[in-house]
Amino acid sequence: MTKAKISRMQYFLLIPNLLFPKAIGITAGVTARRVGGDAWTAMSIGFVVGASILLLMILLSSKFPNLTLIGIADQVLGKWPSKLVGLVLLIFFIIGFAVSANVMTLHLKEYFLIETPFIIICLIYILLCMYGVALGVENIIRYALLGFLGCLLINITMVFGTINDFEWINFLPVFDRGLMANIAGSIYVLGDLALAIMAIGMIFPMLNDSNKAGWLTFWALATSAVIIMIWPILELGVMGAGAMEQYVVVCMQQIRCAQLTRFLPRYELIMVFFFTFATFVQSATLYFCAVYSVKQTISVKKDWYIVVPLAFVLLPVTYFMARDHNDYVNFLDYPWSQICTALSIGIPLLLFIIALVRGQLMKDNQSAAGSSSA
Amino acid sequence: MQQKVSGDLRKDEQLLIDTIGQGLDTEYRHLLVPALNNASVLIVYIKGLINTTELEDAIIRPLTAPSRNANEKGAKKTPLPEFIESTLFIAGVKQSQDWTEICDAIVSGDSVLLINKYDAAFILANRGWESRAISEPTSEVEIRGPKDSFVENLMPNMALIRRRVRDYGLRFEGMRLGDRSKTDVVMVYIEGLVNDQILHEVRTRLQKIKTDAIMVSNYIEEFIEDSKYSIFPKMERTERPDKASAAILEGRIVIMVDNTPFVVIAPSVFWNFLQSPTDYYEKYILGTFWRSIRLLAMFLAISSSSAYVLLTSFHQEMLPTSLALKIAADRQGVPFPAAIEAFVMEVLLEVMNEAGLRLPKALGQTVSIVGTLVIGQAAVQAGLIGPALVIAVATGAISSYAIPSFAMSSAIRLLRFPVLFCSSLFGIFGYLGAVIFITLYLMSLRSFGAPFYSPISPFQKDDQKDTLLRLPRPQMKKRPSLAKPQDSVRQTTTPRSQNKSEEGGP
């Protein structure tokens, strides 16, 4: 796995894929439930805060260019604390995978396969992701191009389908709940960004050219923000905050509001078609990160020894998390977003500060690669 | 076989008889050569494989002609090899002592000359057998462009390439594969253009083939391709010399196999299989349009019957109301679920397809009529299947034929079944799962080191000029990076820019 290399373009395209599916699918609704019509401002704040954490992560990774987050922890904190970081990341990625997978499974269960047992949907989706991981992270990330194109196509069709029903009045008053409520509401976007931050922390060493990686990440994040923020803005403009709060999968309601032509009164199917690619990339990448966390923490050589047993862990976690969609939404509301915020800020910041205090940020850490990355 | 030529003609003849036999087609012909003081010689050849006229006129007649110098005293004696080379009027003479080489030459169509009291044989290159004339390609028909195609004989095939590529670096590197078939296999490439690593890899893989026989080029393909169990072809096959020459000029390697009119091209990527020479023989915009049509056709070939099943069985609400009502009305009374209907129709279509391919033309038409009328129209009228399904299945079938490569088209047709199966079980989820599975698999494949799904993913910006798009020829300044050619520049200037500068423009 460590030999895998990804190009700058693949890296650029991966970031929107890591953010888009859950952010448009679930987060907008959860945020609207907390801050009503201020969902788009709260999400915008979340993006700004998240971007700075992600850039901190990139700064840290570029100081240790050949090391994953666990490898950096090993260098900075020592062997046993790094094992603890590895364990924390493993749990984070397992739950992150379940959160991501359930974006897809809930779409399917609630809109397309109402009679199919939920466990079957979870099982098939996990098997699909497992296949992707077995083929290698390079192949998953190659899929990011299709995922990104899918995201663009959904956005274009959604904008054309709903723009006629757009009402500016739904935005007023801006900052209705106050700035503090908006900042508190931004935590849900941080939950999404945390997945990207941690995943980038694991994947960054595979980037074949990390020159100006900060700028690359910044532009990838800016692109992601644009294609994601269109959704809460249009959802609010078309449906209004009241309607947004009522649904778990708000984007599907938005698509149901859209009518492309008289012949395509409903195009949820087309939307899901485009949406699935990005969701797959997000879920499979998180699965890979979980596998890689185990690999680095307990130094297992064979991937299959981790990939298959991990599927047996992911299945119940995914199933029980969203068996009842209210439980899922409640979990995202509390404590998942809070945990994500704490970890995504805490781990990179802690490592950065300790490395800075120890003077490791000034050293050339290139040579340390081999020892820590399994 | 370790023996060498002994120089005792009787003994050597017996050894040859023991090795290659004395069958109806094998000729052992004894002569006396006046120029060699009536020395006894033996010519051995296989009757159907040599050029008989050449044998008589260029070998036997000169050998048996009375010598001018034989009776002259003090005449300078010419060494035997030089005498043979200067006396016989044939393209090549090679001296050998190795029995394996001598026997190989005989079974390959050369004649062998043995001379009494001389411990070497002369291999005389006078191959010539009945062969099909160069004709129009049958499986890759193009409206414009050259009308010639490869034949089963290596020599004319090499000439067809040489006529198109007159580069001094063009190489025909031969080897003989198959312990029993001893088939001639030739690697064709341009030295100085082809990537040395890829060339070495192809050569090594070919040399590693240890088998009894190579009958057709597909044998070679199966031996040397990556991911041998894959359903997708990873090397292009063509019977068109223009296509093979174009591949050589891109720095790729063409492998020719004796007795096969199809050559294989390495490395190849997925998108090569959706391209056709016609794309380059018409205006660029048409080339781009046809490529997009083929891409659509590939999508329809995989998806049409699956879309029918998932829309009628799982997601009826996604259809426009009028269409949903029409399909429902047409399906009223159909005794089978949509999935069974679709499977049966797809299987029947494949049966008809297979029958149509094997039968003579006249009978093939009968099969088409029976298939269309009886299985299609009558089944609909009898209420056994819905008419919309017939349209869906027929659309898929016709679309699959729009893919230029037969191997890729067949792979796509076969993939319809698992996709249909998944769609029948889980609707859109099954369909998307199958599509993701297939695409991921495609992305994981490689062809001699080149990612099979490139240049789309991994994305190669420069190669987009000739992948899904087909830009005007002057814009394609670089060769595709697929084969990592040593010289990536195809052209430096365009005629238009030259004209502009001549006119004093910018």
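A disulfide here is a pair of cysteine sulfur atoms within 2.5 Å. By that rule, the structure has 0 disulfides over all chains. Before going further, know that this is a predicted model, where local features need pLDDT of at least 70, side-chain atom pairs count only at pLDDT 80 or more, and totals for chains, interfaces and linings use all residues. Side-chain values use heavy atoms, with hydrogens and water left out.

Take Cys289(A): the closest cysteine sulfur, in Cys129(A), sits 12 Å from its own sulfur, so that's too far for a bond. Cys289(A) is also buried, at 0% relative accessibility (buried is under 20% relative accessible area, exposed over 50%, partly exposed in between, with a 1.4 Å probe and protein chains only). Over in chain B, Cys103(B) is buried too, at 7%.

Now for the surface. Ile169(A), Leu172(A), Val174(A), Phe175(A), Leu179(A), Met180(A) and Ile183(A) make a nonpolar patch of about 710 Å² (patch residues have over 30% relative accessible area and no salt bridge, and nonpolar side chains are joined within 5 Å). Leu172(A) lies in the loop between α7 (144–162) and α8 (179–185) of chain A, and counts as exposed because its relative accessibility is 57%.

Finally, the interface. Counting heavy atoms within 4.5 Å as contact, 30 residues of chain A touch 29 residues of chain B. On the chain A side, Tyr131(A), Arg142(A) and Leu269(A) lose the most area to chain B, together 22% of what that side buries; buried area is the accessible area (1.4 Å probe) that two parts lose on being put together, summed over both. The two chains bury about 2800 Å² between them, 80% of it on carbon and sulfur atoms. As for salt bridges (a Lys or Arg side-chain nitrogen within 4 Å of an Asp or Glu carboxyl oxygen), the count between chain A and chain B is 0.

Technical notes
Residues numbered from 1 in each chain as written. Chains lettered and ligands numbered in written order. Patch = residues over 30% accessible without salt bridge, like charges linked within 9 Å, V, L, I, M, F, W, Y side chains within 5 Å. Areas by Shrake-Rupley, 256 points an atom, 1.4 Å probe, with all protein chains shown as cover. Helix = DSSP H or I, 4+ residues; strand = E, 2+ residues; numbered from the N terminus.
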